[in-house]
Amino acid sequence: QPQQPQQPQPQRQQHHYHRAARRTRLPQQEGQQRKISRRSMMVAAATRGRRAASVLLGLAAAATAATTTSTPATRADYAERLWEGSQAMARRSAMHAFVVGLADGAGAVTAESYETYVAQDAFFLHGFAQAYAAALSKLPPGDLDGLKRFHGLISAVLEELDLHLQVHPDLDLDSLEPLEATTAYLDFLKGVAGDPARQVNEVLAAMAPCMRLYAEIGSLLARALPDATSETNPFHSWVEQYAAEEFAAAAKEVDDLLDEYASLPGAASFEAMTELYNRAMELEFGFFDAQAVRGRGSPGALSKVRRQMDEDWKSTTTEAGTQRAQARAKARAKGTGKKGNGEL
């Protein structure tokens, strides 16, 4: 009997969930020895030098991708929508007398209160790095890209902590007594990051406000008050640190990771992320509000910051709103305008 022609076997598609890793680092000050950072760089260099290990890692990643059966959802601008929805709370922090006092040089923030703030922030950063590590432990098996990117963010926190220790070289975190606001913020982060039922995008939603808010505040103060980065301002290094492009890149990396993991099947809903994001914003204000400040700050500086913020908000919402409208119009045209996971 004639043989039946064999049907070609369908090939399994490989799905790649993540983009190439981008390492983000804060600027290092010349001559400063950073043992932890150098150790991380040496380990990374040694790893890249082992070609055999690289081949094995590549094969492992390919095998993981080949066995994946889920298709990632279209990436959405979750982080931007979360930021826009929290503008009222973000403005409260940006207009706080302590924050503006770090930039206007009017004397509302004393050297003593600044040192206390730096100590509390250093204590907080230690827990913030631990939250990154907890998020890293939640990554899917074989997610090497996420592993590298979270490692880069942890390294950035360590370098930020090094800069804080330059201001307070005798700081002993083990003996430091945290303020109530610091404890409340850390308890919130640990509760989210340490909960086995929480997804990666939920941990990122709890952490993203800190990064985005500081990047926005640094840039805002530097533009609204040109003297903020002048050496005549005793706290110019703080403004420069958070107005730097490197810190903005780190904040964007967190937002990008949030968007990517929130777009994967099984991710927590947009409503869940919104609740965590807004709570973190409230805790950010509480952290600033717990710092000592003399008076209500310079009225002139507050006016300039408010005017700059209003201009930024107007341009940002117009651009973002246009982009969202265009994206939704395309979805309706294709007949795919249904609400997916996390969609509004």
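A helix, in this talk, is a DSSP run of H or I at least four residues long, and helices are numbered from the N terminus. With that in hand, Arg307 lies in helix H13. I will come back to Arg307 at the end. Please keep in mind throughout that this is a predicted model.

First, the chain as a whole. There are 13 helices and 0 strands. If you read along the sequence, the pattern is α-α-α-α-α-α-α-α-α-α-α-α-α. The chain has 344 residues, and buried ones make up 42% of them. Now take the contacts between residues at least 6 apart in sequence: 86% of these join residues at least 24 apart.

Next, the cavities. How many cavities of 30 Å³ or more does the structure hold? The count is 2. The largest cavity has a volume of about 90 Å³. It is lined by 13 residues, and those closest to its centre are Asp121, Phe124, Cys210, Tyr214 and Glu284.

Which helices each supply at least two residues of that lining? They are H6, covering 111–137, H9, covering 200–224, and H12, covering 270–289. The largest share, 4 residues, comes from H6. By residue class, the lining divides into 10 nonpolar, no polar and 3 charged.

Is Asp121 buried or exposed? Asp121 counts as buried because its relative accessibility is 4%, and the cut-off for buried is under 20%. Setting aside neighbours within four places in sequence, Asp121 is in contact with Glu160, His164, Tyr214, Tyr242 and Phe287.

Now to helix H4, which runs over residues 87–94 and includes Gln87. Gln87 has a relative accessibility of 12%, so Gln87 counts as buried. A polar atom of the Gln87 side chain lies 3.1 Å from the backbone oxygen of Trp83.

Gln87 is one of several buried residues in H4; the list is Gln87, Met89, Ala90, Ser93 and Ala94.

Last, helix H13, which spans residues 299–334 and is the place of Gly300. Gly300 is at 39% relative accessibility and therefore counts as partly exposed. In sequence, Gly300 and Asp104 are 196 residues apart, while in space their C-alpha atoms are 9.2 Å apart.

Arg307 counts as partly exposed, because its relative accessibility is 45%. How far apart are the C-alpha atoms of Arg307 and Ala224? The separation is 8.1 Å, for two residues that are 83 residues apart along the chain.

To recap: the predicted model has 13 helices and 0 strands, a largest cavity of about 90 Å³, and a buried Asp121 at 4% relative accessibility. That is the end of my part.

How values were computed
Residues are numbered from 1 along each chain as its sequence is written. This is a predicted model: local features need pLDDT of at least 70, side-chain atom pairs count only at pLDDT 80 or more; totals for chains, interfaces and linings use all residues. Side-chain values use heavy atoms; hydrogens and water are left out. On a 1 Å grid over the protein atoms alone, a cavity is a set of points where a 1.4 Å probe fits but cannot get out, and a pocket is an open set with protein on both sides within 12 Å along at least five of seven lines; lining residues have an atom within 4 Å of a point. Grid points are joined across faces, edges and corners, and a volume is the space filled by probe spheres set on the points. Ala, Val, Leu, Ile, Met, Phe, Trp, Tyr, Cys and Pro count as nonpolar, Asp, Glu, Lys and Arg as charged, and the others, Gly among them, as polar. Buried means under 20% relative accessible area, exposed over 50%, partly exposed in between (1.4 Å probe, protein chains only). A polar contact is a pair of N or O atoms within 3.5 Å; within protein, one must be able to donate a hydrogen and the other to accept it, and residues adjacent in sequence count only if both atoms are side-chain atoms. Contact means heavy atoms within 4.5 Å.
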